[in-house]
Amino acid sequence: GGVEGEDGHSPLRPGSVLCRGPGLPRVGRSFRCQLRTLPGISHPLLPGRMELFMHGQREECAVVHLLASVDPRSGSDTRRRPRWVAADSVARVKVRARRPLAIEAHAECAPLGRVVLRGEGETVAVGVVLPFRAREK
């Protein structure tokens, strides 16, 4: 036994999320996350198109806003709205996926709140989804 569709094949694909209500995950395209850029990247993190990897799913996305550079030790903002994020740095960014995804803040559900960003054939940053604001829900 397992989950089968009308044609006898499983409708589950990589990135599918199974859950039982009433605590269903949020489904959306835009979210804020805190990222750490990797030390060996060849270019700084800039707003623009990227690939998003999240709970086994690969999706096209865009980094639409660099919200703040963050001090990794204290967690406080060191610079609001930076133009770019250097290698081995921490920043808060806003990401918009091409299609809706099951997204949860890392504090609520760690497996649905982890992200990896890739660009130009290299892994650029890893991070976590931040808690949602009232208007984002």
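View 1. β3 and β4 (77–80) are antiparallel and are joined by three bridges. Strands here are DSSP runs of E with at least two residues, numbered from the N terminus, and helices are runs of H or I with at least four residues; two strands pair if DSSP finds at least two bridges between them. Six residues separate β3 from β4 in a hairpin, and G75 in the turn has a positive phi of about 80°. The model is predicted: local features need pLDDT of at least 70, side-chain atom pairs count only at pLDDT 80 or more, and totals for chains, interfaces and linings use all residues. Residues are numbered from 1 along each chain as its sequence is written, and side-chain values use heavy atoms, with hydrogens and water left out.

View 2. S69 belongs to strand β3. Is S69 buried or exposed? S69 counts as buried because its relative accessibility is 15%; buried means under 20% relative accessible area, exposed means over 50%, and partly exposed lies in between (1.4 Å probe, protein chains only). Neighbours within four places in sequence aside, S69 is in contact (heavy atoms within 4.5 Å) with S76, D77, T78, R79, P82, V90 and A91.

View 3. The loop between β4 and β5 contains R81. The phi of R81 is near 50°, a positive value in a residue other than glycine. R81 counts as exposed because its relative accessibility is 66%.

**View 4. The hairpin of β2 and β3.** Seven bridges pair β2 with β3 in the antiparallel sense. M54 has Q57 in β3 as its bridge partner. The two strands form a hairpin with two residues between them. H55, in the turn, has a positive phi of about 40°. With a relative accessible area of 21%, H55 is therefore partly exposed.

**View 5. β3 beside β5.** β3 also pairs with β5, in the antiparallel sense and over eight bridges. Within this pairing, C61 has A97 in β5 as its bridge partner.

**View 6. β7 with its partners β1 and β6.** Strand β1 (residues 26–37) and strand β7 (residues 122–129) run antiparallel and are joined by five bridges. C33 stands opposite V129 in β7. On β6 (residues 114–119), six bridges make an antiparallel pairing with β7, and L117 has A125 in β7 as its bridge partner. β6 and β7 form a hairpin with two residues between them, where E120 in the turn has a positive phi of about 50°.

**View 7. The largest nonpolar core.** A nonpolar core is a set of buried Ala, Val, Leu, Ile, Met, Phe, Trp, Tyr and Cys residues joined through side-chain atoms within 4.5 Å. The largest one has 25 residues, of which F31, L35, L45, L52, M54, V93 and V115 touch the most other members. At least two residues of this core come from each of β1, β2 (48–54), β3 (57–70), β5 (90–103), β6 and β7. β5 gives the largest share, six residues. In soluble globular proteins, nonpolar side chains tend to be buried together. Which residues does V93 touch, not counting those up to four places away in sequence? They are F31, R32, C33, L35, L45, V63, H65, L66 and L67.

**View 8. R32 and R26.** R32 lies in strand β1 and is buried because its relative accessible area is 12%. R32 and P131 are 99 residues apart in sequence, but their C-alpha atoms are 7.9 Å apart in space. R26 lies over the face of F132, at 4.3 Å from the ring centre; a charge sits over a ring if NZ of Lys or CZ of Arg is within 6 Å of the ring centre and within 35 degrees of the ring normal.

**View 9. A110 in the loop between β5 and β6.** A110 is found in this loop. A110 counts as partly exposed because its relative accessibility is 23%. From A110 to V129 the C-alpha to C-alpha distance is 8.9 Å, and the two are 19 residues apart in sequence.

**View 10. The whole protein.** The protein has seven strands and zero helices. Of its 137 residues, 36% are buried. Among contacts between residues at least 6 apart in sequence, 66% join residues at least 24 apart.
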